[in-house]
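How do the helices of this model pack against one another? The report below takes the contacts pair by pair.

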Amino acid sequence: MHEGVNGDEVRGSSGLTSSGADPEYLSLERELTILFRRARANQGEMAREVHPDLESAAYGLLIRLDECGRQRATELAAYIGVGKATMSRQLRALEELGLVAREPDPADGRAWLVHLTEEGHRRVTKVRDARRARYVSQLSHWDRGEVAELARLLAQLNRGMEK
């Protein structure tokens, strides 16, 4: 067993690396780590593009509301994976920035529905359009079938991680 020229571990006769791991999974871990690090950095940039005072974590809430429309805070908290207190704090901050508003839930007078304001929708749309344009530019040398395959595989990965 030795290290390859690019720093990867080379597999031995058992098919495993010297650390005892499958090289395919080591490669997957390495690439996902890079992807997640870049995604966190990009999310922070996109949040600041929506509003200079927007927290990075709140950007995902805006995207969810943009895609799914009005939702209860409890639904948003479950989707994002945070507690009610954290969600309430984030929603208050978004309300103060004028990006979301609350309205009584017609199905349950005790509950509230959260939605994007017109300004919130305008800002989120602008940032998402710019992000898609960056993807088009960065992947312009890819075949459209490869882009579709990457999207399919990422969707499969995301579904598998939900279980």
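## Helix 1 against helix 5

Met46, Glu49 and Val50 of helix 1 touch Arg123, Val127, Arg131 and Arg134 of helix 5. Sorted by class, this contact holds three nonpolar residues, four charged ones and no polar ones. The model is predicted.

Helix 1 covers residues 23-50, and helix 5 covers residues 118-138. Their axes come within 9 Å and cross at roughly 140°. Angles over 145 degrees would count as roughly antiparallel. Helix 1 and helix 5 are therefore oblique to each other. Their crossing is right-handed.

## Helix 2 against helix 5

Helix 5 also packs against helix 2, at an angle of about 100°. The two axes lie 10 Å apart. That angle makes helix 2 roughly perpendicular to helix 5.

On the helix 2 side, the contact residues are Tyr59, Leu62, Ile63, Asp66 and Glu67. On the helix 5 side, they are His121, Val124, Thr125, Val127, Arg128 and Arg131. By class, the contact counts five nonpolar, two polar and four charged residues.

## Helix 2 against helix 3

Helix 2 spans residues 56-68 and helix 3 spans residues 73-80. They pack at about 120°, with axes 11 Å apart. Helix 2 is therefore oblique to helix 3. The crossing of this pair is right-handed.

Gly60, Leu61, Arg64 and Leu65 supply the helix 2 side of the contact. Leu76, Tyr79 and Ile80 supply the helix 3 side. By class, the contact has five nonpolar residues, one polar and one charged.

## A charge over a ring

Where does the charged end of arginine 64 sit? It sits over the ring of tyrosine 79, 3.7 Å from the ring centre. Arg64 belongs to the helix 2 side of the contact with helix 3, and Tyr79 to the helix 3 side.

How many aromatic pairs does the structure hold? The count is zero.

Conventions. Residues numbered from 1 in each chain as written. Predicted model: local features only at pLDDT ≥ 70, side-chain atom pairs only at ≥ 80, totals over all residues. Heavy atoms only, no water. Axes fitted to C-alpha atoms, helices over the stretch in contact; angles between N-to-C directions. Helix = DSSP H or I, 4+ residues; strand = E, 2+ residues; numbered from the N terminus. Parallel < 35°, antiparallel > 145°, perpendicular 65-115°, else oblique. Left-handed = near helix turned anticlockwise from the far one by under 90°. Contact = heavy atoms within 4.5 Å. Nonpolar A, V, L, I, M, F, W, Y, C, P; charged D, E, K, R; others polar. Phe/Tyr/Trp six-rings, centres within 6.5 Å; stacked < 30°, edge-to-face > 60°. Lys NZ or Arg CZ within 6 Å of the ring centre and 35° of its normal.
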